[in-house]
Amino acid sequence: MKKTTGTMTRERYNPKDAEPRWQAAWNDHKLFATKNDDPRPSYYVLEMFPYPSGRIHMGHVRNYTMGDVVARYKRAKGFSVLHPMGWDAFGMPAENAAMQNKVHPKEWTYANIATMRKQLKSMGLSLDWAREFATCDPTYYKHQQRLFLDFLASGLVDRKTAKVNWDPVDMTVLANEQVIDGRGWRSGALVEQRELTQWFLKITDYAESLNSALDHLDRWPEKVRLMQRNWIGRSEGLLVRFAVRGQPGVAAPADIQVYTTRPDTLFGAQFIAVAPDHPLAQALAADNAELAAFAAECRRAGTAQEVIDKAEKKGFDTGLKAVHPFDPAWELPIYVANFVLMDYGTGAIFGCPAHDQRDLDFVRAHGLGVTPVVCPPDVDPATFKIDDTAYDGDGRLINSRFLDGMSIGAAKEEVARRLEAASLGNRPVGERKVNFRLRDWGISRQRYWGCPIPVIHCEACGVVPVPAEQLPVTLPEDVAFDVPGNPLDRHPTWTHVACPTCGGPGRRETDTMDTFVDSSWYFVRFTDPWDAAAPSNPAIAGRRMPVDQYIGGIEHAILHLLYSRFFMRAMRATGHVGLDEPFAGLFTQGMVVHETYRDADGGWVQPADVRIEGSGEGRRAVHAETGAPIEIGSIEKMSKSKRNTVDPDDIIAAYGADTARWFMLSDSPPERDVIWSEEGVQGAYRFVQRLWRLVNDLVEVVAAPQAGAESTLGPESLLLRKATHRALAGVEDDIERLRFNRCVAQIYELANALQAALTGAREADAVPADMGFALREAADVLVQLVAPMMPHLAETCWEQLGHEDLVAETPWPEADRSLLVEDEITLPVQVNGKRRADITIARDADRAAIEAAVLSLDAVRRAVGDAPVKKIIVVPQRIVNVVA
RNA sequence: GCGGUCGUGGCGGAAUGGUAGACGCGCUAGCUUGAGGUGCUAGUUGGGUAACACCAGUGGAGGUUCGAAUCCUCUCGACCGCACCA
């Protein structure tokens, strides 16, 4: 037996030494700088760029590691990979910091960027840093202003007075999407309603396209597509005008228009209801204090107290009557109701209590009747009754005169057809209408740290665009943040400017753009960030776009992704790109979560200060320094408020970037949350050391690469080769599908197989040539499989294996398919569906041979007993089932 | 309320109609090293057995199938999204 002593005395792998060395080597070789004229097929992998908040967090580590695995893998597969990085650098935290710490937003932002760039570089990401930019660079927002002006010229921008969500803490307007439960999404302050003149991007012009194109985004998660579909909220319905019968002394309009998606239920109508803000309600309220009070109450409840009595349906009877469009003798009462929204449809509905739960709740409270008009299948219409639950399922029309017996679809069609033909006051009664829930995108923000909206207000000429040659409109730097509100508004000189048209006195627009604008086209800019003349070069963008794989958090499922999809369409309409969809493939990763810890006083304690003792039932935590008991709380998203964060810098300093990367990819499926734990990190670190030992042991046993021994394989070396190529094919498949946790498992399996073979070889006196070859091959492939995930360790091992080039520039190995098929296969054998035995048989054995072999097995005979064998199911290559 | 996702060992998870628990963490035993937190070997779903055999088992109850973690129905639970959207 060969004596080896090397294992115990060998130096451990030292990431602190190796990682910076390889990062420098990649940099020197310019391996990740992407040339736009590279003729190879393009692959664009992009992770959502970070907000420069100060330091990177574990979520970034996970996000950027996943993208880097794909980038490195695709590079090895021969693609010209575009993998850029930049900074989503405008936004309110910079202004908050300015207010709190008296530091200028620009200074604060660029200092954060410098810190975070250094941190990201320490992760060894294969990024093309030559393309880096920040959205607060004038060289970036100059082009964004140009896009705005082009959109303006194309009619894609609107300026309108609108009721807006006003955040009284941040002193800014919020998009509807940024209001969560009546509160500002950042400040958490109760949102007020205000009338302001605002700039809007007309995203609703593309509502239909944004909705229908979702069907073709087949590399997007179904969940995200569904969320967008719900957000856009397309519905097909009918506008119906009801004649209004007035009352003496009450001013009433001649008719009222409602929107309905259920015109088939028109004969089940019991009432008409309008929103408190509906013109009719407002007109009536002018002469009716009671109604005015009711409307005011509804508006208050709408924003603040809805949680308390949200279920209660309230209405105010106007005394007016509406005439049923199919029966002049049929009158319906008109209510003002708290559950009708002015923002949707026409702000008026007809209520059909039998088939809409809200309407049913309403009539129960107001003593109106219920007439079912849709009867479920297999139910007798004579006995069908509605109790407490409205019926919104399928069925046949009843109690509906000429519609009786029709399906819902046919009845909708029939009603639409008749009402389109009927007329009321020289206009048709009914009009088909596709409606959307989506609203235009208000982009005006009363903030300093954002992209200035490039227009000038002139008393004589009105709104005048800033001429393109005067862009960018840069932010003035001499601003102060000692009072809330927008410093641009009170700037002494910046706002005053000559009107470009008449030369008279003008005033700059002081609103800046929503930062979602900045992130709606940065991925296009990355394709040619050096172009000073235009936002993009359509030819270059056309070659690189769409992004092949976009990776980021699920929290952007609606806003950022929908705005970006709109922007591509708008940029296409203005000639900047030639495609509609920015992201062909989308992946939404899970969060990084961690246990929470509290001390005896209930204060949060950070993981770095906690020591865990014991395990299982006896597992408990104490303070690392004081020894005081610590309560272990629930597992939560890492957040500063709960102090359950782990600093990537600390992890990289203690274990190296590769360990952090490996742990982020192991175990948890990438779309699910991953639990950060000290044990897990240590496990990852042990594998780093193990791989290093394995490679060193191997080069001791097989000193040099072995060639030409493939053809003379013995059974053991063949087994190892099969394991090697199985892992290779498997990892390739799993990276393509972003199943990184399975990649990790397969790499472990290959490492186990290699280790077993190596142990066997070391016990022999001499390693035969075929085994030497197989061991070398396995080690090379193993290192190459590891390379996208732990690139520094892989380079070190690659060097140790005697390669002179970098593994980062080595093509991906090709799996030998002939090694993936077995000559002899082991088939499980079931009797009546229960596994009883297995047989090993030639892969191409015919059915009769398999049946005979199976029936001769003792275990099968025992299980079958005296019962006759009814049939034998043979699934080739998979299983045999004997049915007795 | 509506829509969706998901329930598998002590834990993360694997298996997408064909041997349930790959791989890892943790744990147990032995060996090794050492001050140790390292390394190696074996074991680790429950019941059962000296060991096999065997029995049960993927939240629960039914069903389809030769065969179900996987498909269908109902039900319980967790999480996410949307919400008076006509």
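In this predicted model, four strands form an open sheet in the order β2-β1-β26-β27, with parallel pairing. The edges of the sheet are β2 (80-82) and β27 (586-589), each of which pairs on one side only. On average, and with direction ignored, neighbouring strands of the sheet are turned by 20° against each other. Strands of a sheet pair through backbone hydrogen bonds, either parallel or antiparallel.

The pairing of β1 with β2 can be followed at the residue level. Strand β1 covers residues 42-47 and runs parallel to β2, to which three bridges join it. Within this pair, Tyr-43 has Val-81 of β2 as its bridge partner. Helix α3 (residues 58-76) packs on the sheet and touches β1, β2, β26 (549-553) and β27. The direction of α3 makes about 175° with that of β1.

Just after α20, Leu-738 adopts a positive phi of about 60°.

Among the elements of chain A, β2 has the highest mean pLDDT (98), whereas helix α1 (residues 6-9) has the lowest (41). Over residues 1-9 the pLDDT stays under 50, and the model has 12 contacts beyond four places in sequence for this stretch. Residues 302-311 also have a pLDDT below 50, with six contacts in the model beyond near neighbours in sequence. For the complex, the predictor gives an ipTM of 0.92 and a pTM of 0.91.

Terms used
Residues are numbered from 1 along each chain as its sequence is written. Chains are lettered from A and ligands numbered from 1 in the order in which they are written. This is a predicted model: local features need pLDDT of at least 70, side-chain atom pairs count only at pLDDT 80 or more; totals for chains, interfaces and linings use all residues. Side-chain values use heavy atoms; hydrogens and water are left out. Two strands pair if DSSP finds at least two bridges between them. Helices (H or I, at least four residues) and strands (E, at least two) are DSSP runs, numbered from the N terminus. Axes are lines fitted to C-alpha atoms, for helices over the stretch in contact, and angles run from 0 to 180 degrees between N-to-C directions. Contact means heavy atoms within 4.5 Å. pLDDT is the predictor's confidence in each residue, from 0 to 100.
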